[in-house]
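Trainee: I would like to work through this structure by question and answer. May we begin with a single residue and then widen the view?

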Amino acid sequence: MQHWARRLEQEIDGVMRIFGGVQQLREIYKENRNLFEVQENEPQKLVEKVAGDIETLLDRKVQALKRLADAAENFQKAHRWQDHIKEEDITYYDAKADAELDDPESEDMDRGSKASTLRLDFIEDPNFKNKVNYSYTAVQIPTDIYKGSTVILNELNWTEALENVFMENRRQDPTLLWQVFGSATGVTRYYPATPWRAPKKIDLYDVRRRPWYIQGASSPKDMVIIVDVSGSVSGLTLKLMKTSVCEMLDTLSDDDYVNVASFNEKAQPVSCFTHLVQANVRNKKVFKEAVQGMVAKGTTGYKAGFEYAFDQLQNSNITRANCNKMIMMFTDGGEDRVQDVFEKYNWPNRTVRVFTFSVGQHNYDVTPLQWMACTNKGYYFEIPSIGAIRINTQEYLDVLGRPMVLAGKEAKQVQWTNVYEDALGLGLVVTGTLPVFNLTRDGPGEKKNQLILGVMGIDVALNDIKRLTPNYTLGANGYVFAIDPNGYVLLHPNLKPQTTNFREPVTLDFLDAELEDENKEEIRRSMIDGDEGHKQIRTLVKSLDERYVDEVIRNYTWVPIRSTNYSLGLVLPPYSTFYLQANLSDQILQVKYFEFLLPSSFESEGHVFIAPREYCKDLNASDNNTEFLKNFIELMEKVTPDSKQCNNFLLHNLILDTGITQQLVERVWRDQDLNTYSLLAVFAATDGGITRVFPNKAAEDWTENPEPFDASFYRRSLDNHGYIFKPPHQDALLRPLELENSTVGLLVSTAVELSLGRRTLRPAVVGVKLDLEAWAEKFKVLASNRTHQDQPQKQCGPNSHCEMDCDVNNEDLLCVLIDDGGFLVLSNQNHQWDQVGRFFSEVDANLMLALYNNSFYTRKESYDYQAACAPQPPGNLGAAPRGVFVPTIADFLNLAWWTSAAAWTMFQQLLYGLLYHSWFQADPAEAEGSPEARESSCVMKQTQYYFGSVNASYNAIIDCGNCSRLFHAQRLTNTNLLFVVAEKPLCSQCEAGRLLQKETHSDGPEQCELVQRPRYRRGPHICFDYNATEDTSDCGRGASFPPSLGVLVSLQLLLLLGLPPRPQPQVHALPPSPRL
C-alpha cells in the first residue's frame, strides 16, 4: 500500500509541477519586481488608526445628539400646555397616513381625523435605502394611541421645533442618518421624513419597547418576577398573567438580569434557572416557554413569594447588573401586606423597588397591593384585560427613570446599543442614545420634575463603520472585528444574520462568531476590559463553505475605541504581514495589460473573471460577472486608473495581476496538452482580484466565486501547505452527480509563496481541474500492480503469488481517497463515482466510523445562531380562541352583564386578537406570500471533521463479530488526502454507527448548563438607581377602557354566531392609550 501511496503522491506532484506553474509564477513576479512595492501591515498602527477613525465618526454623532437633547429640553420647558388644543391646530406629516388612506379599515377613516396631515414628495436616497424628504420630519404614533388626545397634541406641538435642529445637524454633518426622538408618550418624531414601513399585519411598533429606547431610559436592572398561581387564579386570569410576564421580559435588555418564579404556599422558579440570569434572547425564550406551563392550585402565600425574590436579589455570588433592584408581583389580589418581610429585607433603606400588578376582573380590595408598592418606592398597576398589558408592563420604566432625571447633567451619558435591525430599512445599525429630561418644576414650591421626556437617538449603519476598515490589504483571511461590553460583535466577517427581527437585537457573541477556545476567551475578556493587547495563537477556523475546519496560526491585535464602550481587533495570518502594491506608472504598460481583460483575448489567453469590487464610484455593480466586466471596460474607456473617482490601489493591482497571469499562460499553459493528463482546466487566482481560467471554454463550467477572497478554495489554499483537493459539493438529499450528461471536475489548488528578501507573502493561488471519470480510472491503475493503464491486468487468484490490488480485485477491495473534511474524492468502485463529494459516512458508514475511532479524524461541533428555518406548521387548528370568555345563557339574558368588566374584557380580547391576526386562523394566501411565513431565525448545529493526530500508515481491524473487516489507511504527503484500502463488508452487522456531518436543526446548547458558567461581560459603569430627593408619592393607579354598549352588543352577537377556528398562538396584545 505504501508503494501505491508514493505513486499517487508522485503523480499529483508531477501534474501540479507541470501545469500549476508555481515556480514559473514566482519567477514572473520577481522579473516584474519594478512594477510593485511590498508594503507591510503593522497591526498596532492599523488598529489604532481604525479605532481613531471610528471614534471620530461616532463623536460627530455624539455632538449632534447633545445638541438635540439640549434643544428638546429647552423647547419643552418653554412650551405652554394647552388644555383645549384641537387636532386642526396641529400640522405634521403622519408617516402612516398614506398607508391608512389606502386602508378603509384604518383608525383615521373610522374616526374621521381632523388633523392637518401634510402630503409630501420624496426622493430616493441610497444612503437611507429609502425615499426621503429633507425639509420635514415624520411622526409615527402607535396604532393603539388616539392621535387626537390632549397629551399627544401637546407633544406634537412642542416637538415640531426639533425640525430645525435636525436640519442644522445634517448641515453640519451630511453623513448623519436617522435622527429620532422617542417620546415617553409613545410618539416618534424622526428626520428626514419618509413613509412608515407598515407591515402586512397590524403595526405593533411602539418606540418605548425598542431596545435603544429602553437602554437610554433607565439604568441596568436586577429583576425578579413572582407570579401568583394559587387556586383563585382562574383560567383567564392566569393566561393574562402569562402574557404579562412575557411582555415584561421584552422590556429587558442584555444589560439586565432576571429570574421568574411562581408561588402559592411555596415559591419555586418556573424554569431550570435557580438564580438571576442575563436577560438575553435565549434565556428569555426559556422563561417564556416555562411560563406557559404554570398551573394554578393551592392558596396564596405572598410571604413565600417575596422571601424568594429578596433572597434572589441578595445573592452576591453570581454575575448580575448591580444597579436597579426590583420585584414585579402579578396576582389576582389578597389581603396580606407581608410587612414583616419588608421590614426584614428592605426597610429602612428600601433599596428594592416593589411593583404590584392586579390582574383580571375581581372584587378584591386592592389596598394591600397599593400599599406594598407605595411603601417600597414602586408602583401599583391594574391589568383587567389583555388590552392593558403592553402599556402597564412598560410604564415601570418611568419610575426607574426618576433618579436619572434628578441626577441632571451627571446622568446625561451617551450610550451605544447592541446591533439591531433598523425599522426603516437601513439594515444593521447601532444607535447612540441620550435621555431627555423634563426641566419644568411642579407645584407651588416649584419642586423639580422627575419625569423623563423620552430618548434621543442617532443611527450609525454598520456599513459606514466597515468602510473605515482596510478592505483588501489584509488578504483573504485577514479581517477587522469589534465587540461591545457583552462580548457581542458589531463588526465581524461572520456577522451575517439570515433573518432579522426588528424587535430583538442581533446578539452574536465573539466566541460564537468564531470557533471558541481558551485563547479567544482571554482575548475577549481583555477587549471587554478596555485593554490593549497582541497575541499569536494556534486556532481552528471554518472554511467559507462551512464544510471544513483548518488548524491555523493567527495574530490578534486589539485596542479600545476611546469615548465608547467598544473594542476593536485585527486578525492577520503570518503570511499576510506583507502585501503587494502595484506601481504602474508606465501608461503604455497599463494599456497593454488592460487589453488582456478584453473578451477578444480570451480565446488565446484564457477567460478572465474579475472580482466585483468597488473600483470606481461610477462603476455599475452586477451579479453577472460577464456584465460586470463589460461595465468595467466601458468605464475604463472613459477614465484612467489614476482617476480621483477610482480606488487607485485596487485598479493598479487588478491590471498588474492581469498582465502577470497572462505571462503564466504564455510560459506554461498555452503549449501544454491538458488532455494528456486528463485535465479540464488550469487556473490562477490572485489577491488583486483576477481569476484566469484556461482554456476559455472551461469557463462555462467554472462555478467558483469570482471574488477570490470569497472563494473557499482560495482561502483554504492560503491556510494549508501542499495541494488542496476540493470535490464537487453534494448534498445527501440531492440527486447524485450525472456523469453521463456532464463532465465533473475535481479542483486541486495550492498557494504561491513568494520570498522577496526577508519578506514572505502569498499573493496568488494556482491549480488544475481534474476530469473526475478519467482520474478515477487512473487512480485504479496507480493503486495497482500495473505500471501504466495499457498494461494487461494480471488476475490474482487464491493460488497466485501476486498481491491483490485496487484494480483487479475491486470486487474484494474498496480503495478510496478521502479529503481532510471526510468527503469522498476518488474510488475504485464505479458505482461510487456519482457519490464523489459526499460525506464518506453516507458512502460507507462502517469504515468512516472506524477511521474516526482510530483518530484519523477529529470532530468539531458548533452552533450557527444566525440560521433561517422554515416555520413549524401550526397545530390544533380546530381549537377555539384561547382565553376568550364565553358567557352562559343566564349571562347573556342579564342586561347588567353587558356593561360589566367581563364584557369589556371580551371585547378587548377579540379586538386585539383580530389585530394580531394569529388570534384566529391565518389566511393561507397571505401566510404563503409573507416572508414571516417562509422562514424564521433558528439555531443550527454544525459538525465538521478534520485530520486527527495519526500521520503514519496504519492498519486496523473493524471487529464485527463473525465478520471482521481489515483496513489500511495512510495520509498522502503534501496533500489533504487520506488513502484508504479496506476489505469490502461481508455482512451487515457493522452498519450500526453512522457519523453525521449534515447541518441539523437544534435548540442550541443546554441553557440551564450555560448559565452556571456565564461568559464574562461588563455592564455600564454608571448607575442611577437612587436619589434622596425622589418623590415616591405617585405610586399607583388603575387603568381601564370605558365600555361602549353598542360596540359590546355587536361584538357579543358576533361571538355567539361563531368565529373561525385558530391555531394555538402566543398571546400578545396592544396597549390602551397611555396617560389618557
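Mentor: Let us begin with Asn283, which, leaving aside its neighbours within four places in sequence, is in contact with Phe273, Val277, Gln278, Gln1007 and Val1011. The model is a predicted one.

Trainee: Is Asn283 buried or exposed, and what is its relative accessible area?

Mentor: Asn283 has its place in helix 10, residues 281-291. The cut-off for a buried residue is under 20% relative accessible area. Asn283 is therefore buried, and its relative accessible area is 2%.

Trainee: Which residue of strand 12 stands opposite Tyr257?

Mentor: Strand 10 and strand 12 (residues 277-278) run antiparallel and are joined by two bridges. Gln278, one of the contacts of Asn283, belongs to this pairing: opposite Tyr257 stands Gln278.

Trainee: How many residues of strand 10 are buried?

Mentor: From strand 10, Tyr257, Asn259, Ala261 and Phe263 point one way, while Val258, Val260 and Ser262 point the other way. Both sets are buried. For strand 10 (residues 257-263), the count of buried residues is seven of seven.

Trainee: In which sense do strand 9 and strand 10 pair, and what is the handedness of the crossover between them?

Mentor: Strand 9 (residues 221-228) pairs with strand 10 in the parallel sense over seven bridges, with Val227 opposite Ser262. The chain passes from strand 9 through helix 9 (residues 235-249) to strand 10, and this β-α-β crossover is right-handed.

Trainee: What is the bridge partner of Phe263 in strand 11?

Mentor: A hairpin of three residues leads from strand 10 to strand 11. Strand 11 (residues 267-269) pairs with strand 10 in the antiparallel sense over three bridges. Within strand 11, Phe263 has as its bridge partner Ala267.

Trainee: Is Asn471 buried or exposed, and what is its relative accessible area?

Mentor: Asn471 lies in the loop between helix 17 (462-466) and strand 22 (479-483). Exposed residues are those over 50% relative accessible area. Asn471 is therefore exposed, with a relative accessible area of 55%.

Trainee: How many contacts does the stretch of residues 1039-1076 have in the model, beyond near neighbours in sequence?

Mentor: The protein chain averages a pLDDT of 86, and 84% of the residues score at least 70. Over residues 1039-1076, however, the pLDDT is below 50. Where pLDDT is low, the predicted coordinates should not be read in detail. With that caution, the number of contacts of residues 1039-1076 beyond near neighbours in sequence is 114.

Methods:
Residues are numbered from 1 along each chain as its sequence is written. This is a predicted model: local features need pLDDT of at least 70, side-chain atom pairs count only at pLDDT 80 or more; totals for chains, interfaces and linings use all residues. Side-chain values use heavy atoms; hydrogens and water are left out. Buried means under 20% relative accessible area, exposed over 50%, partly exposed in between (1.4 Å probe, protein chains only). Helices (H or I, at least four residues) and strands (E, at least two) are DSSP runs, numbered from the N terminus. Two strands pair if DSSP finds at least two bridges between them. A crossover is right-handed if, with the strands pointing away from the viewer, the path from the first strand over the helix to the second runs clockwise. pLDDT is the predictor's confidence in each residue, from 0 to 100. Contact means heavy atoms within 4.5 Å.
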